[in-house]
Amino acid sequence: MAMITVTVPIYNKEEYLHRSIPALLSQTYGDYEILLVDDGSTDRSPEICDWYAAQNPGVKVFHKENGGLSSARNCGIENARGEYIIFPDPDDLTSPGYLETLMELHEEHRTDLEIAGHYIIKGGKEILWNKNGRNAVMNTEEALSMLMRWDSFNGYTWNKLFHMDIIRKNRLRFDEELGTIQDLHFCFRYICLCSSVVYDPGPVYYYDMAAGVSSPFTPLTERKMSGLAAYEKIADLAREDYPAMEAAAYSLLYNICMSYMYAYYYSGMDEPEKLALLRRNLRKYRTCFFADKAHSVPHKLLGITALASPKTYYRCSRIVRKLPRRRERT
């Protein structure tokens with residue numbers, strides 16, 4: 001039985017650790033280690049991590065200076081003993097079959113990456129994501145195409161079983177220059193190294209939106225703004241071998257700039273240089289966004305409004321968010 005390294009990056013999550021760590025300790029898979037990476041927490045997270053490590057020989061704790069999410073995950077990679085690695089968040093929940101399901105996918109299909117489905121916990125309700133998904137074994141280009149769709153398995157690293165031999169051979173690490181969106185960037189680079197990928201949309205993970213640090217409504221910090229560069233880096237990687245993915249990256253960049261524009265007004269910001277950057281990106285990448293068939297006509301109309309008048313877009317988007325709608329980002 002192959003060992004799986006479960007790396008949990010932790011920064012000030014004391015209120016969630018007593019639910020997330022026991023769930024990981026209750027896995028049905030027989031051979032795994034849990035690495036709790038305390039990224040310079042200032043709350044009781046370090047003590048809680050140490051307590052679990054003292055009670056469970058399969059749990060190890062690494063205390064480090066705060067370096068961000070990518071730095072914490074890289075710490076896990078560098079200390080992993082397993083043949084496989086996965087990165088659950090400390091404020092989410094996992095089903096007992098979380099690891100076993102992913103390993104069974106590998107044993108059945110012998111792929112280079114295994115991906116499972118997930119629930120979103122929103123307003124206390126469990127919402128099954130990508131209900132229309134299906135079991136599929138994909139080649140590199142097909143998997144990249146699915147990765148770049150917001151309504152598919154997404155660029156998260158908590159629903160994917162990565163192979164350490166691929167990571168080590170290619171010296172793959174999370175980009176520590178990116179404050180956000182680093183997981184999508186990592187997944188894109190990893191999939192480019194794969195021959196085959198399998199996806200089973202059956203849910204084994206519970207993504208708690210209320211607990212997550214990322215929100216479309218929070219102010220645009222420098223860390224948050226740095227994530228915009230991830231899409232441009234992905235486009236650069238895709239340009240030569242996967243040109244369709246270059247266009248998809250720019251379409252996603254346009255879309256995230258719309259979300260950030262909403263956050264700018266919602267949070268009452270007054271930093272015109274950040275708004276100006278968002279508007280420049282909309283002008284620069286509008287062709288890719290409007291040519292993208294993944295976006296509905298109503299969403300593209302909002303995109304036109306954002307391009308023409310950010311304040312009008314914000315007002316319209318506020319109205320749209322209150323209406324019953326399809327799962328489409330606005």
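Two residues are in contact when heavy atoms of theirs lie within 4.5 Å. The legends below describe close-up views of a predicted model.

Figure 1. S20 belongs to helix 1, which spans residues 14–25. When residues up to four places away in sequence are set aside, S20 touches P90 and D92. The relative accessibility of S20 is 5%. Because buried means under 20% relative accessible area, S20 counts as buried at this value.

Figure 2. A polar contact of 2.9 Å joins the side chain of D91 to the side chain of K13.

Figure 3. Of the 11 residues of helix 3, eight are buried, so the helix is largely enclosed by the rest of the structure. These buried residues are S70, S71, A72, R73, N74, C75, G76 and I77. Several elements pack against them: strand 1 (4–10), strand 2 (32–39), strand 3 (59–64), strand 4, helix 6 (164–169) and helix 7.

**Figure 4. Crossing of helix 3 and helix 7.** The axes of helix 3 (residues 69–79) and helix 7 (residues 182–191) come within 10 Å and cross at roughly 45 degrees. Helix 3 is therefore oblique to helix 7. On the side of helix 3, the contact is made by L69, S70, R73 and I77, and on the side of helix 7 by Q182, D183 and F186. By class, three nonpolar, two polar and two charged residues take part in this contact of helix 3 with helix 7. An α-helix has 3.6 residues a turn, so residues three or four places apart point the same way. Among the contact residues of helix 3 are R73 and I77, and both are also listed as buried.

**Figure 5. Strand 6 and its pairing partners.** Strand 6 (residues 113–122) is mostly covered, with eight of its 10 residues buried. Nine bridges link strand 6 to strand 10 (residues 197–208), and this pairing is in the parallel sense. Strand 6 also pairs in the antiparallel sense with strand 9 (residues 160–163), over two bridges. I115 takes part in both of these pairings: it stands opposite Y199 in strand 10 and opposite K160 in strand 9. In a regular strand the side chains alternate between the two faces of the sheet.

**Figure 6. The hairpin of strand 6 and strand 7.** Strand 7 (residues 125–128) pairs with strand 6 in the antiparallel sense over four bridges. Within this pairing, I120 stands opposite I127 in strand 7. The two strands form a hairpin with two residues between them. In the turn, G123 has a positive phi of about 60 degrees.

Figure 7. Most residues other than glycine have a negative phi, and most peptide bonds are trans. R110, which is not a glycine, has a positive phi near 55 degrees. R110 is placed in the loop between helix 4 (98–109) and strand 6, and it is exposed, with a relative accessible area of 55%. R171 likewise has a positive phi, of about 50 degrees, although it is not a glycine. The loop that holds R171 lies between helix 6 and helix 7. R171 is exposed, with a relative accessible area of 75%.

**Figure 8. H295 in the loop between helix 11 and helix 12.** H295 lies in the loop between helix 11 (272–291) and helix 12 (297–308). With a relative accessible area of 7%, H295 is buried. The side chain of H295 makes a polar contact of 2.9 Å with the side chain of S251. From C-alpha to C-alpha, H295 and N255 are 9.5 Å apart in space, although 40 residues apart in sequence.

Figure 9. G268 is exposed, with a relative accessible area of 61%. The C-alpha atoms of G268 and T218 are 9.8 Å apart, while 50 residues separate the two positions in sequence.

Terms used
Residues numbered from 1 in each chain as written. Predicted model: local features only at pLDDT ≥ 70, side-chain atom pairs only at ≥ 80, totals over all residues. Heavy atoms only, no water. Buried < 20%, exposed > 50% of the residue type's maximum accessible area, 1.4 Å probe, protein only. Pairing = 2+ DSSP bridges. Polar contact = N/O pair within 3.5 Å; in protein donor to acceptor, adjacent residues only side chain to side chain. Axes fitted to C-alpha atoms, helices over the stretch in contact; angles between N-to-C directions. Parallel < 35°, antiparallel > 145°, perpendicular 65-115°, else oblique. Nonpolar A, V, L, I, M, F, W, Y, C, P; charged D, E, K, R; others polar.
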